[in-house]
Every structure is written in C-alpha cells, then in structure tokens.
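Try each task yourself before reading its solution.

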Amino acid sequence: MSTIAPEFRLSRFIASLFDIIFWILLIFSLVGLPIVFIILFYIKLPLINGQLLTPYLAMTWLADPSRSVPIIKSFIHTTFFKVAVFPGFGFAALLAAATIFIERKFLAKMQLRVGPLYCGKIEGILQLMGDGLKLMSKEIIIPAKADKPIFWIGPLLFVGTAGAFVSLIPVAPGWVVANPNVGLLAVFATIGFFPIIAVLSAWAANSKWTFIGGLRALHQMISFEIPLILSLLSIVILSGTLNLSQIVESQKHYWWIVFTPISAIVFFITIIAELERIPFDLPEAESEIVAGWLTEFSGMMYGLIQLGTYLKLYAFAGLFTVLFLGGWNGPMVWPPFPEDIVTHGITIGPVTAKFPGLPLFDQEMLNGTLWFVIKTAGVILLILLPRGVFPRIRIDMLLHNGWYKWIGLAFVNIFIALGLLYAGVLGPGGLIH
Amino acid sequence: MVDSIFLSLSVLTIGSAIAALEIRSLIYGSIALMITLSGIAGFFLLLDAPFVAMFQLSVYVGSIAVLILFTVMLVRRELIFNKIEDPRRRYAGIGLMLIIMLGIGTIIIGSGLKSVETDAPSVDYKKIGEDFLTYYSPALIVMALILTSSVIGALALARREDVTSDQRTD
C-alpha cells in the first residue's frame with residue numbers, strides 16, 4: 001500500500017532521530033546545565049539528616065523503589081487519580097480516542113473504502129493526533145450576533161456533563177469515581193442536562209441551521225428519555241437496588257440480558273437516539289442543515305463538543321455493560337503477579353532490585369477491567385455499526401416510534417420482570433440468585 | 001463545612017431566583033430559574049435525601065426548565081412581553097414578601113422546631129416505598145388513577161381528528 005511516500009527511507013528516518021538526539025544533548029550541555037548551576041548557586045539547599053539535599057541526592061532517593069513505590073501506590077488510591085486518570089477522565093478519553101479512530105477505519109472497511117491512510121505509516125494511525133493538532137491550531141470564530149456567554153460556555157458544559165456521566169460508571173470492583181446509592185437516578189439526572197445544553201448553544205449561535213438542529217435535538221432527546229428510563233426499571237425491579245456497583249454484583253451468575261432482552265433492545269435503540277448517531281442523527285443531519293446545532297462551532301470549541309460526544313458514547317456503552325452484560329464479572333484470566341518479584345526482587349546480572357509494596361493493582365481489579373473493556377468495546381462497535389448500514393429516518397417517524405413503540409415495548413419487559421419477581425424466581429430471595 | 005456550603009447554596013439559589021424575576025432577557029431568566037432549581041436539589045443533598053435531589057434535577061431541571069425554554073424560544077417575544085413598569089408594584093411586592101417572611105419566621109421559631117434532633121438517621125427511600133405499597137396503597141392507587149386519567153385526557157385533547165395526513169408515518 002505504500003505508494004504514498006515513495007521517497008521514505010527507514011535509514012533516513014533513524015538518522016534524523018539521531019540528529020535530533022544529538023542537538024538536544026548539545027543544547028542541554030551548553031545551555032541547560034549552566035542555567036541549572038546558576039540557579040543552584042542562588043538557592044539555599046535544605047539539610048536533611050545531616051546531609052545537604054542536593055538534586056543528585058533527591059534523585060537518588062526518588063529512584064529508590066522502597067521509597068517511590070509506596071508513594072505511587074498511595075497516589076493511585078487518591079480521589080484525584082480516580083477522577084483524572086483511571087476510572088475517570090483519562091481512561092474514558094483514551095477509549096473515546098480509540099473509538100474515533102476505530103470508527104473511521106471500521107466504517108471504511110464496511111463500505112469498501114480505505115479510511116485514514118496517509119498520516120502515520122501504518123494504516124493512518126496518527127490521523128487522530130493530526131486532527132487534534134489541527135483543531136487546536138484553528139481560530140475560534142464567534143458569530144457577530146451570537147450570544148457570547150452562552151456560546152462560550154456551551155462546549156465546556158457539554159464536556160463537563162459528559163465527564164459527570166463517566167464518573168458514575170463502575171469499571172472494576174471498588175473502582176468508580178462516584179458511587180451514590182441512587183446511581184441510576186443520578187444517571188437520569190445527568191443525561192437530562194444534554195438537551196438543555198444543545199438547545200441553548202443552538203439558540204446562542206443565532207443561525208437558522210443551529211436553531212433547527214437544536215430544536216430537533218430537544219425533541220429527540222426528550223422523547224427518547226422516557227423509554228430509556230422505563231427500559232431500565234426492569235433491571236431495578238430484578239436487582240432491587242439503584243446502586244450501579246450493586247447491580248453489577250447482582251449479576252455474578254447470570255447477566256440480566258437473559259431475562260430482559262426486550263429492555264436491552266429498547267435501551268440500545270434509545271442510546272443511539274440520545275447519542276444522535278445514524279439512523280437518528282437528525283440534530284446534525286449534514287445533508288439538510290449543514291451540521292445542525294454544531295454548525296457555528298469552530299476550532300477547539302468543536303473539538304470539545306466532539307470529545308464530549310465520544311465520552312458520552314463510552315459512558316452509555318459502559319452503562320449498557322454494567323446493567324445488562326454483567327459489568328466486570330467474568331472468568332479469571334489475568335495471570336497472578338509473580339511471587340518471585342515480591343519476595344526476591346528482580347535480578348539482572350550482579351544487580352538485584354527490590355520493590356517492596358508491589359503489586360500496584362491487585363489481580364481482581366485488572367481482570368475486572370479487562371472484562372469491562374472487552375464488553376464495552378463490543379457494545380461500542382455495535383453502536384458504530386448502524387452508521388455504515390442505515391439511512392437517516394424522518395423526524396415524524398422518529399417521534400412516532402419514540403412515543404408509541406418504544407414506550408410500549410419498555411412496559412412489556414417491566415411486566416415480565418414483575419412476573420418473575422412475584423413468581424419467586426428472581427430477585428431478592430428468589431430461586432435463582 | 002456544611003455551613004459554608006449551605007450559605008453559598010442559599011446565596012446562589014436566592015440570587016438566581018431574584019435574577020430570574022428581574023432579568024430582561026427571557027432566556028437568561030430561564031437559565032437563572034434552572035440554577036435556582038439545581039440549588040434546591042443541592043439543599044436536598046445537604047439534607048441527606050439524594051433520592052429527592054436526583055428527582056429534583058431530572059424532573060425540574062431536565063423537564064420543566066426545558067419546557068419553559070422551549071416555550072420561550074417558540075413564542076414570539078412581543079406577545080408575552082407586556083411592559084408594565086410601575087415602581088409602586090415592586091415596593092408593594094417587597095413589603096408583602098417581608099410581611100410573609102416575618103409571619104412564617106415567627107411561627108417557625110415559636111413552634112419549637114429548634115429542639116428537633118438533627119443527628120437522626122436519614123429515612124431510607126426503600127422504607128418510603130414499602131410504606132407506599134402497604135399502608136398507603138389506597139392513596140397510591142388513587143394517585144395512579146388520577147395521573148393515568150390526566151395522561152389519557154392530554155392524549156385525547158392533543159389528538160387532532162380533523163387533520164388527515166397524506167404522509168406515511170410508518
């Protein structure tokens with residue numbers, strides 16, 4: 001496939017890397033080191049245990065694993081780490097970024113196209129980074145007659161709300177940012193903010209395309225919120241709790257999708273509508289109303305909206321996994337941490353490095369995360385799939401389906417769940433549990 | 001800690017409530033109303049009632065405020081924005097508010113509400129649900145019937161039989 005850049009030579013690439021390293025070393029030794037010494041000359045260094053804490057000593061202490069591993073371990077269990085890195089924003093943003101790239105390649109393969117190809121040597125793998133850099137370097141244009149405060153705050157609120165939604169999703173046992181007793185209700189409260197943000201930023205842009213798109217988004221999200229909530233009631237009835245972690249624990253032996261398949265189908269369709277994806281992408285129908293309520297956003301404001309959209313996609317897929325597919329439950333496939341490293345340390349030739357405090361993550365958590373990611377990735381692929389297959393449906397058909405069919409279907413599974421509960425088959429104190 | 005949160009929530013709620021009344025722009029007024037309603041949800045959270053707080057958010061902010069926004073955006077501005085400017089009305093309103101607040105305040109302070117224990121455990125929503133389904137079940141059934149009949153009534157009123165649509169809807 002590599003007819004794109006025939007002048008590329010691996011040897012030249014490696015040579016250029018060495019070139020860069022040479023210049024960095026040269027500039028550091030000629031400019032950086034003198035600056036460091038000049039600064040050190042004026043700083044009064046502290047005395048610890050009778051020793052002068054020079055930068056060399058500080059780095060030696062930091063490199064000592066018996067000091068650094070406990071620091072890292074305690075940092076992992078802080079709230080900041082949970083919010084910013086693992087079950088929170090960083091993890092979700094990583095999955096969202098992977099989703100964007102996989103979506104483009106996946107749809108291209110489905111439609112017998114190539115997809116991103118030029119950027120990065122292997123199958124255009126750096127395309128996403130290029131897009132991000134482009135969005136960041138673009139100018140943010142505010143329409144002259146726009147309502148500036150709302151227009152500015154719209155994308156931020158969108159990402160913030162999506163992040164709040166992400167924080168409610170439990171990834172592994174005990175690994176969730178916020179674990180309220182009314183977790184499912186918190187999800188409903190959070191997704192209620194999306195239509196407000198959409199319609200407000202659409203109104204603030206003062207353009208007919210955005211306004212039509214915003215009103216469509218409002219119609220669609222409001223009408224599909226009701227079947228969404230109703231389809232989840234059967235899960236609440238069967239598991240007897242609103243806490244998302246406890247719902248996952250209640251699926252230790254079987255997944256709820258076995259007993260509530262109709263709810264799962266309704267919920268799946270409603271999340272496609274809530275995410276404004278094809279075949280329900282009326283709010284941003286690009287062949288009718290330019291880009292819908294996103295028309296006037298440019299540069300990084302558009303980037304933020306896209307980030308929020310994909311965070312929302314991850315959160316909805318994670319919610320589907322948590323509620324219907326058993327969350328982190330799965331057979332233990334993750335290998336245990338080798339005991340030798342904990343007791344004897346790592347021996348390389350004459351050097352033995354001991355790491356007291358390892359392992360950083362326990363086996364259960366890693367296994368749970370693995371299963372959660374596998375299931376969520378499957379659900380995300382299923383959500384992406386209709387985009388390559390279906391055309392967009394009309395708004396009256398959409399609303400008709402939303403108000404008549406999905407609400408009715410959602411009720412069907414509530415009655416099935418109630419029947420199973422009162423027959424004493426499932427639920428708290430049932431035959432199977 | 002709770003006191004500072006309570007104070008800031010109060011300032012936010014009352015301030016945005018006043019803003020919702022006073023701001024000229026209808027959109028900003030409805031945004032201020034949303035902030036007020038969210039602030040009330042914050043009060044419920046402080047009172048150890050997350051269940052009510054989440055419903056406050058999803059019903060009032062998620063539905064009612066959206067309905068108000070929707071109405072504001074779709075109705076022409078001149079029709080609903082009659083300018084009746086009279087400072088005496090405002091002073092009368094402030095005076096009335098002060099009188100009502102004084103009256104309610106004296107009643108509450110005189111009622112011995114201060115001696116109520118505040119360390120009592122919060123009521124579990126599961127207990128409320130159980131009570132609803134056992135002791136208060138007649139009231140629940142009556143409420144359900146009223147709601148169902150109002151939904152059916154709304155559907156019947158919204159149904160337009162004079163319009164025959166040529167478009168296929170399914």
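The exercises below go from the whole model down to single residues.

This is a predicted model, in which local features need pLDDT of at least 70 and side-chain atom pairs count only at pLDDT 80 or more, while totals for chains, interfaces and linings use all residues. Residues are numbered from 1 along each chain as its sequence is written, and chains are lettered from A and ligands numbered from 1 in the order in which they are written.

**Exercise 1. Confidence**

Task: Find what pLDDT chain A and chain B average, and which elements of chain A have the lowest and the highest mean.

Solution: 
- Step 1. Begin with the scores for the model, which are ipTM 0.72 and pTM 0.80.
- Step 2. Recall that pLDDT is the predictor's confidence in each residue, from 0 to 100. Chain A averages 84, with 97% of its residues scoring at least 70.
- Step 3. For chain B the average is 81, and 79% of the residues score at least 70.
- Step 4. The lowest mean pLDDT, 73, belongs to strand 4 (residues 351–353) of chain A, and the highest, 91, to helix 1 (residues 10–42) of chain A.
- A reading tip: where pLDDT is low, the predicted coordinates should not be read in detail.

**Exercise 2. Two chains, two make-ups**

Task: Describe the secondary structure, burial and contacts of each chain.

Solution: 
- Step 1. Chain A has 16 helices and four strands, whereas chain B has seven helices and zero strands.
- Step 2. A residue is buried if 20 or more other C-beta atoms lie within 10 Å of its own, exposed if 12 or fewer, and partly exposed in between, with C-beta atoms placed from the backbone. By that count 36% of the 433 residues of chain A are buried, and 14% of the 170 residues of chain B.
- Step 3. Two residues are in contact if their C-beta atoms, placed from the backbone, lie within 7 Å. In chain A, 77% of the contacts with a separation of 6 or more are between residues 24 or more positions apart. In chain B, 46% of the contacts between residues at least 6 apart in sequence join residues at least 24 apart.

**Exercise 3. Where the chains meet**

Task: Work out which helix of chain B gives the largest share of its side of the contact with chain A.

Solution: 
- Step 1. Count both sides: 17 residues come from chain B and 18 residues from chain A.
- Step 2. On the chain B side, helix 3 (residues 50–74) gives the largest share, 13 residues.
- Step 3. Sort that side by residue type (Ala, Val, Leu, Ile, Met, Phe, Trp, Tyr, Cys and Pro count as nonpolar, Asp, Glu, Lys and Arg as charged, and the others, Gly among them, as polar). The chain B side divides into twelve nonpolar, four polar and one charged.

**Exercise 4. A buried valine**

Task: Is A:Val187 buried or exposed, and why?

Solution: 
- Step 1. Locate A:Val187 in helix 8 (residues 183–191) of chain A.
- Step 2. A:Val187 counts as buried because it has 26 C-beta neighbours inside 10 Å.
- Step 3. Setting aside neighbours within four places in sequence, A:Val187 is in contact with A:Phe165, A:Leu168 and A:Leu319.
- Step 4. Compare positions: A:Val166 is 21 residues away from A:Val187 along the chain, and their C-alpha atoms are separated by 9.4 Å.

Technical notes. Helix = DSSP H or I, 4+ residues; strand = E, 2+ residues; numbered from the N terminus.
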